[in-house]
Amino acid sequence: MEVITVTSQGQNASSFISNFSNLISLSDAYEVGLLKIGHPPTMNVTKRNNHIYIKDKDSNHGTSLAIPTAFYQTTHDVIQAIYEKLMETQAQNEKMDGVLPRDSVDLSASVRCGPRNNPNLADNSKVYLELTNKKSLFVFENDRNVLNFLEFKIKQLSSSSLAIDNIDLRSKEQIGFVYSSIVSNSLIDYRVSRLLDTVTLRTKRDEHCSFEVQNPIFHSVSAATFIDVSFEIRDVNGKLIEFHGDLPTILTLGIRKREKIAI
């Protein structure tokens with residue numbers, strides 16, 4: 001069996017093309033399988049859950065802000081990102097004389113660590129995020145709300161303040177569907193696709209993660225000759241997996257002659 005390693009270096013880690021320097025020629029007697037995958041950490045805050053919503057209690061005017069998508073290592077990192085976005089937007093809203101435009105929501109806030117009743121006692125296990133103007137309120141029920149992501153970690157909750165314990169965050173294990181133009185068509189839920197294999201994607205902080213396929217499934221090659229091969233890694237809903245950072249995806253493929261079936 002021949003082993004080929006391809007990477008997404010310089011491309012999207014979940015959708016990339018590997019270009020070979022020379023034309024590769026194979027007969028239809030060959031088949032290919034996925035032996036191993038190395039991948040960057042998956043994002044735990046994506047475009048599907050990175051919004052924060054604030055409204056004014058009196059006017060009911062509201063605003064929506066988006067924190068950067070990323071893999072956040074702790075709940076404190078998420079709160080810090082929310083705070084920085086609030087301050088950035090508040091500064092943009094204020095005019096030169098310090099007056100907010102009409103219908104704007106006051107986003108001024110403070111963040112600190114330690115017990116609420118004794119700020120002199122350092123306690124980095126808890127962080128408080130408070131909106132300075134008590135007429136400005138956090139909104140929790142909207143879709144894509146990052147506070148929903150933190151919901152089970154919020155120990156004290158009021159409309160204008162949050163108290164969050166410091167907890168390490170992990171991306172949940174998820175199934176990744178690896179597709180490639182190198183394999184022949186197959187059926188998934190009665191749909192034609194070029195599925196190479198399914199893998200378990202895990203995340204440990206900012207480390208490069210790997211998964212070795214215990215029982216690779218080998219597929220007939222899709223063409224006798226090729227010089228480039230495309231790859232995509234999608235979730236169970238068909239969306240591209242969102243990876244964090246600049247580390248590449250590394251795929252190890254096995255190519256072998258198809259075994260003849262005795263009749």
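Visitor: What should I know about the model before we start?
Guide: It is a predicted model in which local features need pLDDT of at least 70 and side-chain atom pairs count only at pLDDT 80 or more, while totals for chains, interfaces and linings use all residues. Residues are numbered from 1 along each chain as its sequence is written, and side-chain values use heavy atoms, with hydrogens and water left out.

Visitor: How many helices and strands does the chain have?
Guide: The chain has 2 helices and 18 strands. These are DSSP runs numbered from the N terminus, helices being H or I of at least four residues and strands E of at least two.

Visitor: And what share of the residues is buried?
Guide: Of the 263 residues, 42% count as buried. Buried means under 20% relative accessible area, exposed over 50%, and partly exposed in between, with a 1.4 Å probe and protein chains only.

Visitor: What is the strand order in the open sheet of 4 strands?
Guide: The order is β2-β17-β11-β14, with antiparallel pairing; two strands pair if DSSP finds at least two bridges between them. β2 (15-25) and β14 (195-201) each have a single partner strand, so one side of each lacks a neighbour in the sheet. Neighbouring strands are turned by 20° against each other on average, direction ignored. Axes here are lines fitted to C-alpha atoms, for helices over the stretch in contact, and angles run from 0 to 180 degrees between N-to-C directions.

Visitor: How many bridges join β2 and β17?
Guide: β2 pairs with β17 (residues 225-234) over 7 bridges, in the antiparallel sense. Within β17, serine 230 stands opposite isoleucine 17.

Visitor: Which residues line the second largest pocket?
Guide: The lining includes Phe177, Tyr179, Asp189, Arg191, Glu232 and Arg234. β11 (174-180) and β17 each supply at least two of the lining residues. The volume of this pocket is about 270 Å³.

Visitor: How are pocket and volume defined?
Guide: On a 1 Å grid over the protein atoms alone, a pocket is an open set of points where a 1.4 Å probe fits, with protein on both sides within 12 Å along at least five of seven lines; lining residues have an atom within 4 Å of a point. Grid points are joined across faces, edges and corners, and a volume is the space filled by probe spheres set on the points.

Visitor: Turning to histidine 219, is this residue buried or exposed?
Guide: Histidine 219 counts as buried because its relative accessibility is 15%. Its place is in strand β16 (residues 219-220).

Visitor: What does histidine 219 touch?
Guide: Leaving aside residues up to four places away in sequence, histidine 219 touches Tyr30, Glu31, Val32, Val183, Leu195 and Leu196, contact meaning heavy atoms within 4.5 Å. A polar atom of the histidine 219 side chain lies 3.4 Å from the backbone oxygen of leucine 195.

Visitor: What about the open sheet of 3 strands?
Guide: Its order is β5-β4-β8, and the pairing is antiparallel. β5 and β8 (136-139) are the edge strands, each pairing on one side only. The twist averages 30° from one strand to the next. Helix α1 (residues 75-93) packs on this sheet, touching β4 and β5, and its direction makes about 125° with that of β5.

Visitor: Where is asparagine 60?
Guide: Asparagine 60 is in the loop between β4 (51-56) and β5 (62-66). This residue has a positive phi of about 70° although it is not a glycine, and it is exposed, with a relative accessible area of 52%.

Definitions and conventions. A polar contact is a pair of N or O atoms within 3.5 Å; within protein, one must be able to donate a hydrogen and the other to accept it, and residues adjacent in sequence count only if both atoms are side-chain atoms.
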